[in-house]
Each structure stands twice: as C-alpha cells, then as structure tokens.
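Hi everyone, thanks for coming.

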Amino acid sequence: MAGFDVINTGAPRIDAPDKSSGRALYIDDMSMPGMLYGAMLQSPYAHAKIIGIDTSAAKKLPGVKAVVTSAESGSVKFGVSPARYDETIFCDDKVRQIGDNIAAVAATDLETAMKAVSLIKVEYEELPAVFTIEEAMAEDALLIHDAFPRNIGAEVHQEFGNVEEAFKECDLIKTSSLTNKRQDCAFIEPPGCIAHFDSSGTLNLFSSTQVPHYVQRTVAMVLKLPVGKVRVIKPYVGGGFGAKASANHMELAACLLSMKTGKPVKMIFNREQIFLHGRSRHQFFHTMTTGVKKDGTIMALKHECYLNGGAYSSFGIATIYYAGSLLGGPYKLPNMKYDAYRIYTNLPTCGAQRGHGGVIARACWEQQLDMIAEELGMDPIEIRLKNMMVTGDVTCNDLNMSSLGMKECIEAVRDTSEWKKKKGKLPKGKGIGMACGFFVSGAGFPIYRSDTYHGTVIIKLTEDGGTALVYTASAEIGQGSDTAFAMIAAEALGIPLECVRLASGDTDFGVDLGAYSSRQTLMTGQATKEAGEDAKRQVLEVLSQELNVPVQDMDIKKGVIVFKNEKPDFSAIRTRYIKEHRGWTDNPGVDDPLTFREASRIAFLARGSIVGTGKYKPPELGGKFKGAAVGTSPAYGCSALVLELSVDEETGKITIDKVADAHDCGRAINRVSVEAQMQGAIFMGLGEALYEEVKFDNKGRVRNADLAEYKMPTARDMPRIDAIIVESNEPNGPFGAKEVGEGAIMPCIPAVLNALYDAIGVRMNELPLTPERVYQAIQEAKKCLARCSQD
Amino acid sequence: MKKLIQLQINDKQYEVAVEPNQTLVDMLRYQLGLSGTKKGCDLGDCGACTVIMNGKSVNSCLVLAIQANGATITTIEGLETEKGYHPVQKAFVEKGAIQCGFCSPGMILSAKCLLDENPAPTEAEIRSGIAGNLCRCTGYQKIVEAIKSVGEHTVDGPPANP
C-alpha cells in the first residue's frame, strides 16, 4: 500500500473543538444589526382554492415592515429538476398541502411577525383532497396539478435484457412486496436562514443548507437576479440527510423580504414546519418477482413500484429512477424490468433521504433473496456470494463497478458475527440475518442539465509559506467533509494537517454541487487533490530554478523537501529566508532539511501569490437510455451487514442485540469518520426499520410532528455496532476513495427483516416493524398454522 | 411585565429582566448571548438545550426563566477552564463523538452530570444517562465510548480504546 502521511488515519475532526465548546455558530446563533424576523403564513387545508388574501390588518400592525404574497413575489416556478418545476414561493391559485406557503411577514421581532401572520385573512374554497395512491389515481379524482392526468407526476418504464424470456429458463420464480411509511430526516437543527440584501445590491443568504450552489441558482432564477449578485453562505449545519438538499420557500421568502426592506431578515422553521416541509423519504410500494436457476443463479427481476410523492415533485424524478436503477447491482442480474409511478397526493412533499430512492427497494429484494435461498436450501450468504459482482463488472443498466469489495465485505461480516455457528441455531425468539447493498459516489450529472464542473477548489499558500488555505464551496453538514478535504489537501501538498486551514460552504469560493448523493468525498476530494498538486508543482518549479534540480527529482513530504537524488546546496535559500525573518524564534537550523515553508516563501517571492486550482467533473459514464443519468456514478461503494435480534413474542417488541457491518469505501480518508458514518447510517436504518413513521389524520395533518411521537432510536435502543472498513483502490477516487455516507444504510433494514424471520418464522411486508405490527403478524401466523393443522 | 431575576451562570452573577413566559433557553441564547445552548425542538423532546441547573441536567426549553431565579447554572460555555477543555469535551473530540455538533453541548453536559453523580458508569448506565439527548448523526456509539473513556474503570471492564 502506498504510504500516506495524513489520510487513512483517524485524525480528530478540525471542527470538533468548536463544536464541543459551543463556539461553533449555526444559523440561529447568528444575528446582524437591524435584523428583522420573518414568519410564514401556511395553509391549514390540504387542498383548497385561494379566493382572496387580505393583508391590510397585518400591514397596519406596529413593527411590521413588510408583508409579501404572490402579488409581490411573482410566480416564477422552481423545484429540483427543471423538468418538474412545479412550485412557487407563494401559492397564487390554490394550496395543495397543509403547510403550503401563502404569505410572509418581516417585523422588528418574532412575536410581532407571528401576530401579523395571524392577522392575514385568506378566503379559501376547500377542494376534495387525496391522500393515498388509490384515491389520487381514481378516474374521478381532482387533479393536483392540471398537466398530470390521474395525478401521475412521473412514470418510468425500463427493460434491460428480456425478463419474460429469462423467466422461461428459471427453476424458481418468487414474488413478494414491501411497503414503508414516510420518514422524516429529523435533523436536530431546525433549518433557518438570514437574508441580507446589502447596499451594493448583493443578496447575501446565510442558510442551513446542504447545497449552497443550487440555492444560489434557485434564488437568482426566482428573484430575477444575476448569479453574481447572489452569495449563499452556509454556517455550521446541524444535519441534513436529504431534506436540506434544495432551495426552500423560507429562504426565498426571507430574500424577498430583505429586498423589500433593505434589512437583514431571519427566519427559522419550527419543528411542525419541518414535518410539513417534508422532503424526506417517500412512501414506496414495491412488488418484485425474481427468477432463479436451481443453483441459485439470479436470472431476472420484474419490479413494479408506486411512490406516494405528496404535493410537489421535489426530488421525485430522481427518486423514482433510483428506486429501480439501484437494483442493477451488486449481484449479477442480466435481465431487469422496472415500471414505476410517482403519484401526487395532498400530503407534504417527499424528497431525498439518505440512500435516496434505493432503501426500501433494497429491503424488499434482499428479503426476497432470503426467501429464495430458503426454498433452494441455500444459505443466505452462499446465494449472495454466488451472485455478487466483482471489480470490473458492469450491470445490465450500465453501472460500472470500477472497484467493488463485495466479497471482502460479506466474508468480514460472516466471520465477525460467527454466522456459521449461529445461523439456524439460535433459540426461538432470537434471530440472525444478513443483507448487502451498494450506492453511488455522487451522481454522474448535476440536477440541471449542464457541462458544469461539479466542484472547483482553490488552495492559496500564505505569503510566509507556512499555511495552505483551502477554499471550497462544498457543504460540511456534520459528515466530516471539511476534515476530509483538509486531509486530502495536506496529503496532496505533502504537508502536515496542522498547516492547512479550510473554509467551505460559500458560493464565492467556487462551484460545488453540495452534500447529496454521497458525492463530496470523491468529487470535491478530486478537485482538492488536484488543487494541492497544482500548488505543490508551482512551489517545486520555483525551487527547480533556484537549485537547478529537475522538478521530477523533488517532492514534498511531511512539510519537508525530499530530493530523490543528491541533496543540492540550498544554503542561499535558507540564508534569504532567515534574513527575512530576523527576530523569529522558529527559523530552521543549519542542519535541518529544506522545509516547505522556506520553499513556498521563495515561490511567493518569485511569483506572487501561489494559488493552486482544482476541478472535477465525472468522466463520460455509461447508459444512453432514458433515465440513465440516475444511478450512473464514477464509483460505487458497497456493504454487507449481519444483525442479531430478539423478539418478545408476547408483545411483538424487537430488540436489536448486535450488528456487524462492513463497508467498502475505497481508501478511507479518515478512518474514524468512516466508522462514524457507518454507525450513523445503521442508526437511521434501524429507526426506519423499527420505529419511524410520519402519521397523518384524515385531513392530511401530521399527527406526530414532534420528536417525542416521531420516534427515533435513543442511546438505549441502539446496539453495539462492529464497523469494519473494507478498503479497495477506486481508480476514479482521490487516493482511491469513494462513498460511505448513504450506502451504509442499504443492508440495514433487510437484515432486520431477515433476522426477524430467523427468530420467529414470520415474513413482514410493511415497515416499520412496530410491536403492534409484529404482534399481529405473529397472531396471523398462528391462525394460519392452526388452519393448516386442521386440514 | 418583566420581572428581575438573579442567578449564577458559569460562576458569574447575573441580574436579568425577563418576561414571565420566557424560557430559560431563550434567555440564555437571545438575551445573554450564550448560544452554545442549542434549541432543537422547543418542546423538551430532543435535549439539545440541556444545561445543568442546581446540579441536575434539565431541558432549558422546559424551564421558565423566572423559575431559574436564584439558581446556579452551568452551560457549555462554563465547562472550559484556564487549563483547557473539560475531560468530557476532550474525549468527545478525540473519540470522534461529534458529527454535526448540534446535540454535542447538551450531550456533553448530560455526560458531565452523569459522571458527577456516578464516576464509574457501566455502558448501560451511560446509555440511560444520555437517553434524553437525541443525536441524529452518530448512532451514539462513539459518544458512549467517549464517556466511557472519561469514566473511572467500570464493572464491565476498563474504558474502551485506552
């Protein structure tokens, strides 16, 4: 293995000291002189025509500085995918979900703003609302968006190979289904923003976002400003997980209010507004039919999916494609047919959440593979090892596994969990289960059609030569990207991590598409590496002239210039450096090797500011069919997980006892952060498997819009997780690195389903596995058993 | 009508005029500028606003400011001394127990409170001790390991990763 000096260690995160001491500033910790407070008026109805809006009383309230509705905002449509821009800042004709945005107020304090909101009178004409897929697709259902008959917002029909023909050659064909409930990203930090339209005519937006770049573009487009007049700055962000991955109405309303008043305007969502804004995991209804040979060879998959999307498209077009395309791997699957429908309903809008689109599909299929293995008399691990892909394989839908440590992952969890000793041998009520998964390392294309670079990075060496300043517009949202890029920059330059200072999350620093689809480590990482190498090359070029040593005969390692051949006489450089630093107490000694600090100072004196630049855009990727852009990626991470659980058959309560998880993240940039991502992903997967469910009443209201009744696991609910890092050398990644953040969730839910079956012999097709559902399933199984024994 | 309260925060005496319906978290954050105390839900569910009041960890969004009249309060800003970070803070940094960091101040204060009462907690006691603090990033494992590393040797073995 190539020797690394900085990466591949578990260096403490560069942001951790500030975060542990309360110094780290999040959006609600910030304020500006003269700042106003904003509040939004949101719809109490799931579907209603707006007959009239009267803001006169609100405007008269002392302290109110501006009230805006669609009359002021205009109705430029926006959204995530340009093919489905179906939202406006404020509704102008009708509301399509509870929480739809109607007006916003800016006032001198929050209380006044909220009072003003309550004074806005809206006359509605309530319309019939649809909440389920069946209701929405009924022939006589009212259309939520006129252009989409039967409320089908998007549909996908793909076939790779020939599924029906392949089924004819199969020895076993199995059909099963799985559905989940909506989930909420439930980050602990409520999203918020401060917009400041300054005296130079620049709109500065500080926002708790995953994607400063997309927010910048959306704000510019909707408010009709040049992109150069919009600057988006991301302070520390308290988690995102997908729901902060697009511009929201609050950001746009705050910008508009600041433009109207000339004052900074702050707005923060409360917890109920977070649930109503939604943009988290869709509800999926998957039905899958898989055909296999007697020996377990997978031949074909026929897959149908319905998604309850809510009132607007958001990420939905990507979600519906991902739900199909991510089954192309990690098993060899020559034939795949996928038919899916994303349906508009009058519920809050769904979007992207960790493992975008693929999580429930993966759970459905991995449970089905276990059913098939059982019928064939195969061990679940055996059937997976038999079918798994290896490095260099290409899926039937053109996803290229440029590196894939699937085998190593499966073997690692098999051995760590002592699978062979336990599978089928645990007492009743205890079970063990396994599953695999894989995920993209970034999307091959931006959300809007463009040849743009996905990331640009600038590294500037300070004039004294001691420090490298890294500027990236990427988004640290908790996952540890700032630390990863500082480590990559240090490694590429050949200097210690302490010599790197990094600033991120500001659109003035360049282009970066942001934190979504597990893209930053690979993409921003590549741009960072290139910028570091560029800066290093410039330093070495100057040194080459000074010392008359060819550039290729020198390197920088651990902050010291390394000469591959004979060490030249660099005393002139040292003398110059020391002369310039008379009085300094840390100048290099006579016998010390030539340092990076001296060399880059000399480079500065010769050339002025040494600025290295880097950029990244994925190479040409496979797939020319419709929808090929969703799923193609420069690299794929993969994982395997074995989980043990106990079921209380009297109550249906599941306790997770142990988890062994292995993930191929390519080369681990920061080993502690990789483990942390794996553990966090499994936490989220277990929450979704066992507890998490956004519940609605029959008016479309969220019944549990708080963190007490929306139940995520606490420390007491979580088992110990053995996080095993499997490293491969990804040719398309920086130093061989690829994703971990989202892919790690993939095997979690199906491993629970499979372990549950091992424990009590019951197959579930509805998530989450609450005690009530499990108890009922146990009773059903008992009744079924009683009937069978009577026959 | 505002009411004047007196209290001690991080070893410093304060006299603050507060509204009767004002919560402690809002007073700390917006009136005194102690923004290290985070506000995640304002309903007492998430624990991000945890502070130590009279030796007990409390959700400061569920305490009215006037209820804190005469109280002694430690916020995250009060843990650091001239000697540097508190051992719990150091452990959180070193063990990788911090991701987005939004729950960290509350989590660290709950951990300190636990260790003050029980210097050698078992893993189960640690998990119970922080069960009122939700973390959406870490899965808690590195947090538990960090707290364990600060605690004295416990009945279920020495601290993890010495």
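This is a predicted model: local features need pLDDT of at least 70, side-chain atom pairs count only at pLDDT 80 or more; totals for chains, interfaces and linings use all residues.

Let's start with helix α3 of chain B, residues 104-117. α3(B) has 14 residues and spans 20 Å from its first C-alpha to its last, close to the 20 Å expected at 1.5 Å a residue. Is α3(B) mostly covered or mostly open? Mostly covered: twelve of its 14 residues are buried. Among them are Met107(B), Ile108(B), Leu109(B) and even Lys112(B).

Next, have a look at a pair of helices. In chain B, the axes of α2, residues 87-94, and α5, residues 141-150, come within 9 Å and cross at roughly 135 degrees. Because of that angle, we call α2(B) oblique to α5(B). The crossing of the two is right-handed. So who's touching whom? On the α2(B) side you'll find Pro87(B), Val88(B), Ala91(B) and Phe92(B), and on the α5(B) side Ala146(B), Ile147(B), Ser149(B) and Val150(B). Sort those contact residues by type and you get seven nonpolar, one polar and no charged.

Okay, now the other chain. 41 residues of chain B are in contact with 46 residues of chain A. On the chain B side, α2, α3, α4 and α5 each supply at least two residues. Which helix gives the most? That's α2(B), with four residues. By type, the chain B side splits into 20 nonpolar, twelve polar and nine charged.

Note on methods. Residues are numbered from 1 along each chain as its sequence is written. Chains are lettered from A and ligands numbered from 1 in the order in which they are written. Axes are lines fitted to C-alpha atoms, for helices over the stretch in contact, and angles run from 0 to 180 degrees between N-to-C directions. Angles under 35 degrees count as roughly parallel, over 145 as roughly antiparallel, 65 to 115 as roughly perpendicular and the rest as oblique. A crossing is left-handed if the near helix is turned anticlockwise from the far one by less than a right angle, and right-handed if clockwise. Two residues are in contact if their C-beta atoms, placed from the backbone, lie within 7 Å. Ala, Val, Leu, Ile, Met, Phe, Trp, Tyr, Cys and Pro count as nonpolar, Asp, Glu, Lys and Arg as charged, and the others, Gly among them, as polar. The expected span of a helix is 1.5 Å times one less than its number of residues. A residue is buried if 20 or more other C-beta atoms lie within 10 Å of its own, exposed if 12 or fewer, and partly exposed in between; C-beta atoms are placed from the backbone.
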